[in-house]
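Me: I have a chain on the screen and want to learn how to read it. Can you take me through it feature by feature?

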Amino acid sequence: MERSPAPAPVEVPKFFVCPISLEVMRDPVTLSSGITYDRDSIERWVFTDGHGDCPVTKLPLGAYDLEPTPNHTLRRLIQSWCAAHAVERFPTPRPPVDADRVAAIVDGAKKKGGGGQQQELMAALRELADIIGESDRNRRCVEGVPEAVEFLVSIVKKHAASTSSSKPLVGCGSQSQEVSTCSGVPDSPKACSPEEAALSILHSLKLSEASLKRALESSDDFVDALASVLRCWPSYRAGTYAMHLLKASLSAMQPSRLSSASAELVEGVVRVVADRTLSPKAIKVALHVVCQLCPWGRNRIKAVEAGAVAALVELLLSDGCGGSSNGGKRAGEFAAVAIDHLCGCAEGRLELVAHPAGLAVVARAATRLSPTATESAVRALHAVARHSATPAVLQEMLAVGVVARLLYLVQAGAAGERPRERAREMLKMHARVWRGSPCLASHLASYPC
C-alpha cells in the first residue's frame, strides 16, 4: 500500500515573524522606529534585559515606547492566515490593564475590607494576583499605582497590629508546614488570610527601589510590620515572603534608619536563621539581612542578645552549610561574614568563645569556603586573639586546631595577602604560649617570643 506524500510545509510570511523570537507573533506591537515585534519579546528586551534601543534599527527608544502601539491590522492578518492554512489560531489577546482598572479594584477592596467582608476582600486580592501573573507589563502597571502598594502594605500592618500583643508562636516553623498548602496566592478564602495574600502579591510585584522608598516614606512602620510577621508568621510562605521583602526594604533604607532597627526586628531575623525547618533559600535571605543590619548602630549587640552567635555557629556545623553544594557554601559565606561583624563587639566575642564549637567552626570556615569567607573568618579570629586572648582561650585555640589552620593559611599562600598577614600577626602575638606544643614547636620556631 502506497503512503500518501506528507503535506508540504507551510511557508510563513516574513512580516508575521517577530525579529526577536523568530516565531509567529501572537500580540504584535509597533515601536516609534516603525518595527513591529511580539509584545512579550520586546517587553523582555526592554524591561528584563535592560536595553534602551530598537533591536533592529538600533535607534534609541523614547518614553512612549514603554507602551508600544498594538498593531491590530497585522494581528487580524495573522489570525486569518492561520485559519486559511489550518494552523493553530492564536486567540485575540486580552486588552492590557490600565491604572484606572487597578485603582478601581483597590478602591473596591478597601470598602470590602473595611466592612469586614473577608471573602470579598480575598476575591479582590486574587484578581490583583491574576492581573500580575498575566504579564510583566501588568506587574509594572500595578506597581505604578501608589494606592495599590499602599493598600497591600496596610493589610500587612493590620496583621501586625492584631498580633503585637500576642506571644510568639513556639515551633512556628513546624506549624507552618501544616498550613503551607496554599500557593503564593490562595485559591480559597479559607486557605490563607488576607495578610498572606498581600505578602505574596508584594513579593510578586518585585518592587523597585523607588517604589520601596515610597512605601517606606508613607508607612514608617512597614519594616516593623514585617518584623511582626517574622515573630509570629501564620504560614511557611508568609515568613519567606516577609524575609524577601525585608531584604529589599533594608536595601532602600537610609543608614540612619538602619541604625534604629528594633530589637523585635533583629530577633525575628535571628529566629529565621536558627529555624532548620525553613528552606535554605529563606535562611540565606535571613543571613543577608543580618549582614545588612550588623554594621549599623547597636544592631550587633541586639543580634548577640537574640542568640545570633549560637545560631550562626550551629549553621556552620550543619551539613547543609559549608558543604560541597554551591548553596551550602554561599550560606556558609554569609554566616562567616555575620560572625565577623558580631566579633566587632565584646559581647559577640564573648559568646563565640563561650560556645563549645565556636572557635573550631570559624577556623574551619577559614579554610573550607570562599576567599570572602576566609577573610571574614580570619578577621573574627584576629579580633578574638587581640581583644579576648585569655590563657583559657589561647589553650582552646591550640587544642581545637585554630593554630594549625593559621599555620596552613600562612604556608599555603592561597588565602590572599590580608588573611595571611592577620594569621601571621596572630602567630607572632601568641607564639610564646603556642610554642609549647610538641606538634607545632618546629613550625613556630621562626616566630620570636
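**Reading the chain**

Reply: Start with contacts, meaning heavy atoms within 4.5 Å. Among contacts in the chain between residues at least 6 apart in sequence, 67% join residues at least 24 apart. This is a predicted model: local features need pLDDT of at least 70, side-chain atom pairs count only at pLDDT 80 or more, and totals for chains, interfaces and linings use all residues. Residues are numbered from 1 along each chain as its sequence is written, and side-chain values use heavy atoms, without hydrogens and water.

Me: How many helices and strands are in the chain?

Reply: Helices (H or I, at least four residues) and strands (E, at least two) are DSSP runs, numbered from the N terminus. Here there are 24 helices and three strands.

Me: What is the strand order in the open sheet?

Reply: Strands pair if DSSP finds at least two bridges between them. The order is 2-1-3, with antiparallel pairing. Strand 2 (36–38) and strand 3 (69–70) are the edge strands, each pairing on one side only. Strand 1 (residues 28–30) pairs with strand 3 over two bridges. Val 29 has Pro 70 as its bridge partner in strand 3.

Me: Which residues of helix 13 are buried?

Reply: Buried means under 20% relative accessible area, exposed over 50%, partly exposed in between (1.4 Å probe, protein chains only). In helix 13 the buried residues are Leu 265, Val 266, Gly 268, Val 269, Val 270, Val 272 and Val 273. They pack against helices including helix 10 (222–231) and helix 11 (236–252). Across the 449 residues of the chain, 47% count as buried.
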